[in-house]
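Q: Can you walk me through this one? I'd like to start with confidence and then go to the chain contact.

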Amino acid sequence: MGEKLEQLISIWALLGGVLLIAIVLVTTLNVGAFTLDRAARLMGATVSGLPGYEDFVRLAISAVGLMFFPYCQLRRGHVNVDLFAQHFPHTVQRALDALWLVVTAVMALGLAGYMVLGLQEAKSDNIVSPVLGWPEWPFYAPGIVSLILWAVVALYQIAQGERHG
Amino acid sequence: MGERELIGVIGLASLFGLLIFRIPVGLAMIAIGIGGNYVLSLYVPYLRFEPYMKQFKSLLWNNMASYDLSVVPLFVLMGYLASHANLSRDLFQGMNALLGRFRGGVAMAAIGACAGFGAVCGSSLATASTMGRVALPELKRLRYSPRLATGALAAGGTLGILIPPSVALVIYAIIVEASIIQMFQAAVLPGLMAVAFFIAVILISVRLNPALAPAVENFPCRRKTPGSASFGAGDCDFRLDHPRSGFRLVHPNPGCRSRGVHDHGLWILSVCPAR
């Protein structure tokens, strides 16, 4: 179960990475086109950049950013202040750890719930991106999945902590 | 002090209180934000709690869907590419060739290499961990005092966020709606000052307490450091499968126009024969 979950989370983060590569490629193409344009202008011609480039980056990054969250939780990468708590007794530390994991899971699920409402609203309002005209609501979906996975990982870590403890 | 100000101060105090108990920082901020707004809504009649909560429907997504914010994962990716291209090792070797002849020189070289790595990486954490992996074994091998070794690397890591490109500056610029490129320009001088002071501190502390660093004996003037090592920031190659060819990573140029990062070259990867 644990290994499967870790695999799933890694794959999810890797998918985010693939989207990130897409952003890199699109950016490279766009910058390349701008450079070509500068050269072409000397000869009186123009080269256009990718239309709707910023739209794509904006929509893709919204998915990418959230898709890394569960992996970050899996690696316990979310920033916290260790300075004081490391002097606490071991049992207190473990209790605090479990408490924050529960709070994390509750908060992630809460945010996911609100985001589902947001998705429905964006769908019914027909919000589209300004240049490309792509609907925005499908880009809420990876975020919702990420938040749910984030909660699952946090809950899994509570169970894991108790088993090892 | 009015009621609202008092609530604000209490909120800030409870934020720090929570942080002491090792709560993840983001979680603490969400909790204090929501809790604080709830308490405010009880005392201030024109602030209502439900509409505040309703904005969470799109708040998270809208904050993530930011074109300017897209440079953050890209800078991190760039740092990883540079790290896997062994830029960190080259920088360290190059700096070592320059500074290794002084007492405490290897620690100074670590600072210099951190500064160089900070020029391609926007994150302090990544800089400290990458340079730590390269420089710490060398410092240990040469019997540097662990205090000096880890202290130098931890201090050097902060250069990652000070020397552009910097993730923190990007986020700050987005929040205050300032020009990212101006932020980067402004950070160059403080970054270089920090490098100078860090090196000065090492110089002085080694002078005061020679036990911190080993004496340098017969520093090999012509070590087998590649000629490009001192200028590792300029080019480096990471070999893929074929030893004679590789990708060349050209020094990134985060040239930005006006506010934001339009029309910029994050990095240029070109295929070319390796040296």
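What follows is a short chat about this predicted model.

Q: What ground rules apply here?
A: This is a predicted model, where local features need pLDDT of at least 70, side-chain atom pairs count only at pLDDT 80 or more, and totals for chains, interfaces and linings use all residues. Residues are numbered from 1 along each chain as its sequence is written, chains are lettered from A and ligands numbered from 1 in the order in which they are written, and side-chain values use heavy atoms, with hydrogens and water left out.

Q: What is the mean pLDDT of chain A?
A: The mean is 89, and 98% of the residues of chain A reach 70 or more. pLDDT is the predictor's confidence in each residue, from 0 to 100.

Q: Where in chain A is confidence lowest?
A: In helix 5 (residues 140-164) of chain A, at a mean of 87. Helix 3 (residues 69-74) of chain A is highest, at 93. Helices here are DSSP runs (H or I, at least four residues), numbered from the N terminus.

Q: On to the interface. How many residues does the contact take from chain A and chain B?
A: 41 from chain A and 31 from chain B. Contact means heavy atoms within 4.5 Å.

Q: And the area buried between them?
A: About 3,500 Å², with carbon and sulfur atoms giving 73%. That is the accessible area (1.4 Å probe) that the two parts lose on being put together, summed over both.

Q: Which three residues supply more of chain A's buried area than any other three?
A: A:Ile61, A:Trp100 and A:Tyr114, with 17% of what chain A buries against chain B.

Q: How many salt bridges between the chains?
A: Two. In one of these, B:Arg22 pairs with A:Asp82, the closest N and O atoms being 3.1 Å apart. The rule wants a side-chain nitrogen of Lys or Arg within 4 Å of a carboxyl oxygen of Asp or Glu.

Q: Which helix gives the largest share of chain A's side?
A: Helix 4 of chain A, with twelve residues.

Q: New topic: where is A:Ser129?
A: In the loop between helix 4 and helix 5 of chain A.

Q: Why does A:Ser129 count as buried?
A: Because its relative accessibility is 1%, and buried means under 20% (1.4 Å probe, protein chains only).

Q: What does A:Ser129 touch?
A: Leaving aside neighbours within four places in sequence, A:Ser129 is in contact with A:Asp55, A:Arg58, A:Leu59, A:Trp134 and A:Glu136.

Technical notes: Helix = DSSP H or I, 4+ residues; strand = E, 2+ residues; numbered from the N terminus. Buried < 20%, exposed > 50% of the residue type's maximum accessible area, 1.4 Å probe, protein only.
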